[in-house]
Amino acid sequence: MIKRASALILRRGITTSHSQLCKKDSLFRVHPLVSQALAENKPVVALESTIITHGMPYPHNLSTAKEVEAIVRAEGATPATVGVIEGEVCVGLSSKELDHLARRQSPVKVSRRDLPYVLSKGLSGGTTVSATMIAAHRAGIPVFVTGGIGGVHRDGENSLDISADLTELGRTPIAVVSAGVKSILDIGRTLEFLETQGVCVATYGALKNFPAFFSPQSGFTSPYQVGNPEEAAKLIASALSMGLQSGVLLAVPIPEEHAPAGQQIEEAIQVAVTEASARGVTGRDVTPFILQKVNELTNTTLQCDIALIHNNAKVGSQIACALSKQLN
Ligand code: PSU
Ligand code: MN
């Protein structure tokens with residue numbers, strides 16, 4: 001361990017004394033462009049990387065990650081993709097580091113619980129919503145854009161398979177912009193759990209429904225709606241100035257032009273969920289089984305996924321820009 005830490009320090013050209021080694025924050029790094037934007041009170045948008053390591057196949061994962069960063073820049077904000085590179089949490093990745101994560105054969109999926117192990121072993125991996133929230137908060141970035149968040153799994157009341165994303169939203173004051181949760185999860189229980197955790201949930205736009213990722217309608221009403229970036233920013237600013245220490249979840253419905261394809265995927269999800277239960281698939285095998293089955297049944301899932309993430313990046317960046325104006 002000491003040997004590894006020394007190697008890290010030497011790599012950066014820093015002298016090694018044991019006390020320096022203990023004090024030095026060698027586990028966390030903010031990219032200079034991100035630090036600069038934050039120092040100048042300019043809008044920054046955090047982005048996760050499990051979507052790169054586990055959510056999409058190469059090379060679509062890499063191209064999507066780069067496109068999302070470009071969308072954030074085009075909206076006038078600075079992107080900060082979060083990931084773990086050789087035992088260091090990085091807020092803002094270079095293009096080489098993005099490439100490194102995108103091409104890895106067996107990267108680690110890093111949630112809150114995984115951080116100590118991954119950092120102590122000097123591993124690399126993609127950060128989930130929970131780990132990305134931790135990093136964004138530590139760096140001082142209030143807005144984070146992703147595709148879909150984790151939730152309470154179907155039968156979660158028995159298995160207790162509840163994503164750490166939900167408890168993180170209850171304990172970390174970050175606004176997460178997502179397209180809701182996929183209907184492979186139990187959306188009703190997910191919303192109940194978020195309420196228990198004190199997470200302010202609002203749908204973005206005119207709809208009252210909480211969106212189900214591929215569908216604008218989950219069948220569940222969202223507790224609140226925000227109509228535009230300024231309203232969303234005001235909601236976030238209110239949570240921050242009250243010092244609530246809990247997060248905000250902004251759910252952006254799938255854009256209308258992609259909704260028909262989304263509807264088809266939604267139907268495939270229902271077929272896959274039924275088949276999984278008929279075949280007795282359980283536990284950790286459920287999600288991979290369903291997602292693979294859905295891919296077999298449709299050929300639009302990846303395109304739809306990408307379109308949703310692009311849209312979230314656009315909306316999230318507009319919210320970050322509005323928030324930055326309100327806070328300055
Ligand atoms: N849901 C999706 N796509 C994803 C994820 C969730 O529709 O890529 C990823 C996110 O990184 C999320 C994580 O934080 O999976 C949740 O994993 P788990 O359910 O194991 O907590
Ligand atoms: Mn789980």
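# Briefing on a predicted protein–ligand model

Where pLDDT is low, the predicted coordinates should not be read in detail. This is a predicted model, in which local features need pLDDT of at least 70 and side-chain atom pairs count only at pLDDT 80 or more, whereas totals for chains, interfaces and linings use all residues. Residues are numbered from 1 along each chain as its sequence is written, while chains are lettered from A and ligands numbered from 1 in the order in which they are written.

**Confidence and overall fold**

- The protein chain has a mean pLDDT of 91, with 92% of its residues reaching 70 or more, and for the complex the predictor gives an ipTM of 0.98 together with a pTM of 0.91.
- The protein chain contains 15 helices and eleven strands, where helices (H or I, at least four residues) and strands (E, at least two) are DSSP runs numbered from the N terminus.
- With a radius of gyration of 19 Å, close to the 20 Å that the globule rule gives for 328 residues, the protein chain is as compact as a globular protein of that length; the radius is taken over C-alpha atoms, and the rule is 2.2 Å times the number of residues to the power 0.38.
- Along the principal axes, the C-alpha atoms of the protein chain fill a box of roughly 60 × 45 × 35 Å.
- Of the contacts in the protein chain with a separation of 6 or more, 74% are between residues 24 or more positions apart.

**Burial and the nonpolar core**

- Buried residues account for 46% of the 328 residues in the protein chain, a residue being buried if 20 or more other C-beta atoms lie within 10 Å of its own, exposed if 12 or fewer, and partly exposed in between, with C-beta atoms placed from the backbone.
- The largest nonpolar core has 89 residues, of which Val45, Ala80, Val143, Phe144, Val176, Val177 and Leu250 touch the most other members; such a core is a set of buried Ala, Val, Leu, Ile, Met, Phe, Trp, Tyr and Cys residues joined through C-beta atoms within 7 Å.
- Helix α15 (residues 301-327) gives the most to this core, with ten residues.
- In soluble globular proteins, nonpolar side chains tend to be buried together.
- Beyond its neighbours within four places in sequence, Val45 is in contact with Val72, Ala77, Pro79, Ala80, Val143, Val145, Gly316, Ser317 and Ala320.
- Val68, which lies in helix α5, counts as buried because it has 27 C-beta neighbours inside 10 Å, and, not counting residues up to four places away in sequence, Val68 touches Leu47, Ile309, His310 and Ala313.
- Ile141, in the loop between α8 (129-139) and β7, is likewise buried, with 27 C-beta neighbours inside 10 Å, and its contacts, leaving aside neighbours within four places in sequence, are with Val44, Ala46, Ala80 and Ala136.

**Surroundings of ligand 1**

- Ligand 1 is surrounded by 16 residues, the closest of which are Thr50, Val129, Gly148, Gly150 and Ser163; a residue is near a molecule if its C-beta atom, placed from the backbone, lies within 6 Å of it.
- At least two residues of the shell around ligand 1 come from each of α4 and α10 (164-171), and α4 gives the most, with three residues.
- The shell around ligand 1 consists of five nonpolar, eight polar and three charged residues, where Ala, Val, Leu, Ile, Met, Phe, Trp, Tyr, Cys and Pro count as nonpolar, Asp, Glu, Lys and Arg as charged, and the others, Gly among them, as polar.

**Backbone geometry in loops**

- Tyr58 and Pro59 are joined by a cis peptide bond with omega of about 5°, and Pro59 is placed in the loop between α4 (50-55) and α5 (60-74).
- Asp155 is not a glycine, yet has a positive phi of about 70°; Asp155 is in the loop between β7 (143-145) and α9 (156-159) and is partly exposed, with 15 other C-beta atoms within 10 Å.
- Gln245, also not a glycine, has a positive phi of about 65°; Gln245 is in the loop between α12 (229-241) and β11 (248-251) and is partly exposed, with 13 other C-beta atoms within 10 Å.

Definitions and conventions: Two residues are in contact if their C-beta atoms, placed from the backbone, lie within 7 Å. pLDDT is the predictor's confidence in each residue, from 0 to 100.
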